[in-house]
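Here is a short report on one protein chain. Look at the structure first, then read on.

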Amino acid sequence: YIPPLIWGKSGHIQTALYGKMGRVRSPHPYGHRKFITMSDGATSTFDLFEPLAEHCVGDDITMVICPGIANHSEKQYIRTFVDYAQKNGYRCAVLNHLGALPNIELTSPRMFTYGCTWEFGAMVNYIKKTYPLTQLVVVGFSLGGNIVCKYLGETQANQEKVLCCVSVCQGYSALRAQETFMQWDQCRRFYNFLMADNMKKIILSHRQALFGDHVKKPQSLEDTDLSRLYTATSLMQIDDNVMRKFHGYNSLKEYYEEESCMRYLHRIYVPLMLVNAADDPLVHESLLTIPKSLSEKRENVMFVLPLHGGHLGFFEGSVLFPEPLTWMDKLVVEYANAICQWERNKSQCSDTELVEADLE
């Protein structure tokens, strides 16, 4: 990865550009929005984008994509990636996190949380049912990386028809990350405040659905939690006062332990690529020992750690102005292409061996 000459080696600038702009000159892929009613009455949505070219191996392959915290299919970095994947022959299904779309109301007293895989699982099941011949490439960005890895590790059945999984810029363990996220080195405490402020705005935009008098709230969720939400200055305070209570966790420690993908990673048997940047100001270097150790023990795991890229940045360009397509976008598609080709060659080799055995 070669970052832009003047500013590309700053993880803060890369992260700020991603956070402020998402991408530059983003395309506008056309998709269809699908609605799924969950068992608790929540309405999950995802956007479906059909491929714009034939895939390099000629197969029907769908990328099931989980965006970052409070993100959805209309975010610019998602649009850019989807457009590139479509042009490489992939169908794309992009989850819209519950409560993240401003024009979609909540229909139950619950919104997306750190490790809840229910909506992502519902989207995957829809794709498997609607396209029975398709194979899946699973992709998660930031918080979405935690969700997709946890989903795959929850049960072996979730890995059926999955060719590979790619996780980009996640932290692997919220329990281990919470202390580092309160530290001021690399300005992590400031990023924490900004992300918490954004989360507060999203929660408060749904205050009637979550805290209204007519709502049958979780027993542990009280009106006093709403007042604590107003004064929260970190994601951990929001998770402790509100988010964990959607799922009935007794403590923040229990919530983070159960919802982090770290305890599920060793149960993933499909090819798995974990991508982080060494200068990501949101992910402390101590957390990178998790993917590094896993990749040393498991043959199916590849850990990719460029020196630069920030958090979901990975911009490319000559001097000042970055290209709309990033190194990350190309890396994910090229890895998926390689795995698809490998699977095709493997099946062809197996067929040849069967024919030779029959001849003998």
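## Charges and rings

The charged end of Arg91 sits over the ring of Tyr131, 3.7 Å from the ring's centre. Keep in mind that this is a predicted model.

Now turn to ring against ring. A pair of aromatic rings is described by two values, the distance of the centres and the angle of the planes. The count comes to twelve aromatic pairs. Two of them are set out here.

| Pair | Centre to centre | Angle of planes | Type |
|---|---|---|---|
| Tyr114 and Tyr256 | 6.2 Å | 75° | edge-to-face |
| Phe314 and Trp327 | 5.5 Å | 40° | tilted |

Why is the pair of Tyr114 and Tyr256 edge-to-face? Planes over 60 degrees apart count as edge-to-face, and the planes of these two rings stand at 75°, so the pair falls in that class.

Where do the two residues lie? Tyr114 is in the loop between strand S4 (91-96) and helix H3 (118-130). Tyr256 belongs to helix H10 (residues 252-259). The pair therefore ties together parts that are 142 residues apart in sequence.

Tyr114 has 16%, so Tyr114 is buried. Tyr256 has 4%, so Tyr256 counts as buried as well.

## One side of a helix

Next comes helix H11, residues 289-297. Which of its residues are buried? They are Ile290, Pro291 and Leu294. These three cover an arc of only 90° around the axis, so they lie on the same side of H11. What do the buried residues of H11 pack against? Their partners are helix H5 (174-180), strand S7 (272-275) and strand S8 (301-304).

## A hairpin

Last, a pair of strands. Strand S1 (residues 32-37) and strand S2 (residues 43-49) run antiparallel, joined by six bridges. Thr37 stands opposite Thr43 in S2. The two strands form a hairpin, with five residues between them. In the turn, Gly41 has a positive phi of about 95°.

Key
Residues numbered from 1 in each chain as written. Predicted model: local features only at pLDDT ≥ 70, side-chain atom pairs only at ≥ 80, totals over all residues. Heavy atoms only, no water. Buried < 20%, exposed > 50% of the residue type's maximum accessible area, 1.4 Å probe, protein only. Helix = DSSP H or I, 4+ residues; strand = E, 2+ residues; numbered from the N terminus. Arc of directions from axis to C-beta. Contact = heavy atoms within 4.5 Å. Pairing = 2+ DSSP bridges. Phe/Tyr/Trp six-rings, centres within 6.5 Å; stacked < 30°, edge-to-face > 60°. Lys NZ or Arg CZ within 6 Å of the ring centre and 35° of its normal.
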